Amino acid sequence: PIVYSAPTDHTYINLPSVMSQGVVMETCTCTAPVNMAVIKYWGKRHKDLVLPLNSSISATLDQKQLRTKTTVAISPSFEDDRLWLNGIEERVDTVRIQNLLAELRQRSIEQQSCPQEWFSWKLHVCSENNFPTAAGLASSAAGYACLAFSLAVLYRLRGDISDIARRGSGSACRSMYGGFVIWDKGTKADGTDSIARQLYPETHWPELHILILVVSDQKKHTCSTAGMEVTVETSSLMKQRIRLVPDRIKEMTSAIEKRDFHKFAELTMKDSNQLHAVCLDSYPPISYMTDVSRQIVHMVHEYNKLKGQNKVAYTFDAGPNACLYLIEEDVAEVVSLVTHFFPPIGPTEEFYTGLPTGSVALDQFQ
Ligand code: ADP
Ligand code: DP6
Ligand code: CO
């Protein structure tokens, strides 16, 4: 029988070999957090290696709210590689998954980290997100970070594995670390310097909170991978963005370093707006935000104007759902503002930071 570990917060657990009645199996269960970019990644310079056109910066959320949990198992008794996502079997013969596995095995062979025979054993993956999948809440980030994590632990890999997670989904490399994380775009053709690293730990700015407003939990019409491809191919505004981002990265790093919320908020909102502008400038245009998303934008600007400085920052990934950054002391007032203008009405238009219960829970990022 397979023995699954009880997941713990933030740690990933390595189970010993499970041997019973001649069945050999190695398993490992991990959990991984989502991250919300404040300087967005949008556009690749190499599709298979998943190398970005620009560097990006994000904050990693506490796993108490939104997380992926993945169990990986290998055994000579398995006949095929298989993967279940949220209880439904998905294909494993995708370029992303195959590249991730190939990189992992290659690294493991180089490090002689586990018995060679393990590579001929088939793999079973069982993964579950406790928040909407493919709805612009970074499920691919938590999902592929978790897959890379659990396999790396299983194969006893050493060293940075953010570039392995990156093969699955670019944003996943940033979920490997807590706090504020930068994904350096790198300059090498083989992508070996396109890795994530922590800029500041979560303790650097403990007053900073993240609030997620779920506008829709439905799967997006254009997945991020396809969306950014159309943008890179067709948007002339995107060329301007690529020239501008390096300065923004510097400014954002400095705002975080100084804990300058006003500047941090301005840069965050401008970068989100620019992401959605290049999406609209794509041909055919891609629109991820809805009327409700735009009303949230309007509300935040009105609130900040009233306060005479930026108290809240919105950011939207490739989806309609808002992520608000704010300082702890403003949380209560902003929550009442949001519930006043956007009263929770049910499963598709609710206000929460994690579990799909409709409850209001505030998430201190980690
Ligand atoms: P999101 O905005 O949620 O990141 P994407 O379009 O980037 O949306 O990616 C969504 C896709 O990521 C899903 O359709 C699925 O293929 C993959 N994915 C999401 N969660 C997981 C997971 N836990 N394990 C493996 N793959 C996942
Ligand atoms: C808008 O990492 O999901 O969330 O690398 O093709 O899987 P792929 O795309 P993905 O794109 C994320 C785009 C974003 C911004 C960000 O997270 O930086
Ligand atoms: Co994604």
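Predicted model: local features only at pLDDT ≥ 70, side-chain atom pairs only at ≥ 80, totals over all residues.
Local features were taken at pLDDT of at least 70 and side-chain atom pairs at pLDDT 80 or more, whereas totals for chains, interfaces and linings use all residues. Residues are numbered from 1 along each chain as its sequence is written, while chains are lettered from A and ligands numbered from 1 in the order in which they are written.

Of its 366 residues, 45% are buried; a residue is buried if 20 or more other C-beta atoms, placed from the backbone, lie within 10 Å of its own. Among contacts with a separation of 6 or more, 71% link residues 24 or more positions apart, a contact being two C-beta atoms, placed from the backbone, within 7 Å.

E15 runs antiparallel to strand E16 (residues 322-327), to which five bridges join it; strands pair if DSSP finds at least two bridges between them. Phe316 has Ala322 of E16 as its bridge partner, and five residues separate the two strands of this E15–E16 hairpin.

Helix H4 (residues 224-234) has Ser224, Gly227, Met228 and Thr231 as its buried residues. These cover an arc of only 90° around the axis (taken from the directions from the helix axis to the C-beta atoms), so they sit on the same side of H4. Their packing partners are strand E5 (44-46), H2, helix H5 (236-258) and helix H6 (261-280).

Turning to the ligands, 21 residues surround ligand 1, the closest being Ser139, Ser140, Gly143, Cys223 and Ser224; a residue counts if its C-beta atom, placed from the backbone, lies within 6 Å. Strand E11 (122-129) and helix H2 (139-154) are the elements giving two or more residues to this shell, and H2 makes the largest contribution, five residues. By class, the ligand 1 shell has nine nonpolar, 11 polar and one charged residues. (Ala, Val, Leu, Ile, Met, Phe, Trp, Tyr, Cys and Pro count as nonpolar, Asp, Glu, Lys and Arg as charged, and the others, Gly among them, as polar.) Around ligand 2 there are 15 residues, with Ala37, Ser169, Gly170, Ser171 and Thr225 closest; six are nonpolar, seven polar and two charged.

Technical notes
Helix = DSSP H or I, 4+ residues; strand = E, 2+ residues; numbered from the N terminus. Buried ≥ 20, exposed ≤ 12 C-beta atoms within 10 Å, placed from the backbone.
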